[in-house]
Amino acid sequence: MKKMSLRTRVLTGAVAAAALGAGTFGAMSANASTPAAASAAAVKADASDRNLQQSTHLTVAAATKAAQAALDAAKKENQRISVAVVDRNGNTLVTLRGDGAGPQSPESAVKKAYTAVSWNAPTSELVKRLEQAPNLKDIPGTLFLAGGSPVQAKGAPVAGIGVAGAPSGDLDEKFAAAGVAALGR
């Protein structure tokens, strides 16, 4: 047997590790002439796996509806705001920057939405918690100012709506609540 060079052994090991890490051995062994059968088998195996957990996520259409409702509520009161909707994992689904909204407002709206969904509570309530735990504000991506509201399904958070740009946090939160309410219609 011919001895492999160090470079060949390292390269071979790296390729094998990448294949294992990506979980591609099973996919590569599937018959290329029947991809639909392989996909069906994979879905069936995943569906019966007791290690999976189902979760509820807001659709992009619903997130857009909620964001537009918040923007419309602010417009009725002649307020210039930005609104953001994030999913349960804090990923941004929709951001709308209203006409004339300040340059800081889109980022602030995302952070308020993220904060609301992370703690499943309106951010105005979370501001009060800072008195007992002031280091909460140090968590990256959060903003402890009124204007964020969680969206719940069966009591669990599925999204967060954040509004920023109105002259007070109370108004921001009022407009965020209008977005949440739109999802119930």
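What covers the buried residues of α7? Keep that in mind; the tour ends there. The model on screen is predicted.

**Whole chain**

Show the cartoon. From the N terminus on, the elements run α-α-α-α-β-β-α-α-β-β-α. Buried residues make up 32% of the 185 residues. Among contacts with a separation of 6 or more, 61% are between residues 24 or more positions apart.

**The sheet**

Select the strands. The four form an open sheet, in the order β2-β1-β4-β3, with antiparallel pairing. At the edges are β2 (92-97) and β3 (148-153), each of which pairs on one side only. Neighbouring strands are turned by 15° against each other on average, direction ignored.

Now select β3 together with β4 (residues 156-164). Six bridges join these antiparallel strands. Pick V151; opposite it, in β4, stands A159.

**The cores**

Show side chains. The largest nonpolar core has 21 residues. Select I81, V83, V85, I161, V163 and F175, which have the most contacts inside this core. The elements giving two or more residues to the core are α4, β1, β4 and α7. Its largest share, eight residues, comes from α4.

Centre on I161. Leaving aside neighbours within four places in sequence, its contacts include A66, V83, V85, A113, V151, A176 and V180. Glycines G147, G148 and G179 also touch I161.

**Back to α7**

Select residues 169-182. Helix α7 has 14 residues. From first C-alpha to last, α7 reaches 20 Å, close to the 20 Å expected at 1.5 Å a residue. Colour D172, E173, F175, A176, G179 and A182: these residues of α7 are buried. F175 is also one of the residues with the most contacts inside the largest core.

Now for the opening question. The cover over the buried residues of α7 includes the helices α4 (60-76), α5 and α6 (123-129), along with strands β3 and β4. Show those elements around α7 to finish.

Definitions and conventions
Residues numbered from 1 in each chain as written. Predicted model: local features only at pLDDT ≥ 70, side-chain atom pairs only at ≥ 80, totals over all residues. Heavy atoms only, no water. Pairing = 2+ DSSP bridges. Axes fitted to C-alpha atoms, helices over the stretch in contact; angles between N-to-C directions. Expected span 1.5 Å × (residues − 1). Buried < 20%, exposed > 50% of the residue type's maximum accessible area, 1.4 Å probe, protein only. Contact = heavy atoms within 4.5 Å. Core = buried A, V, L, I, M, F, W, Y, C linked by side-chain atoms within 4.5 Å.
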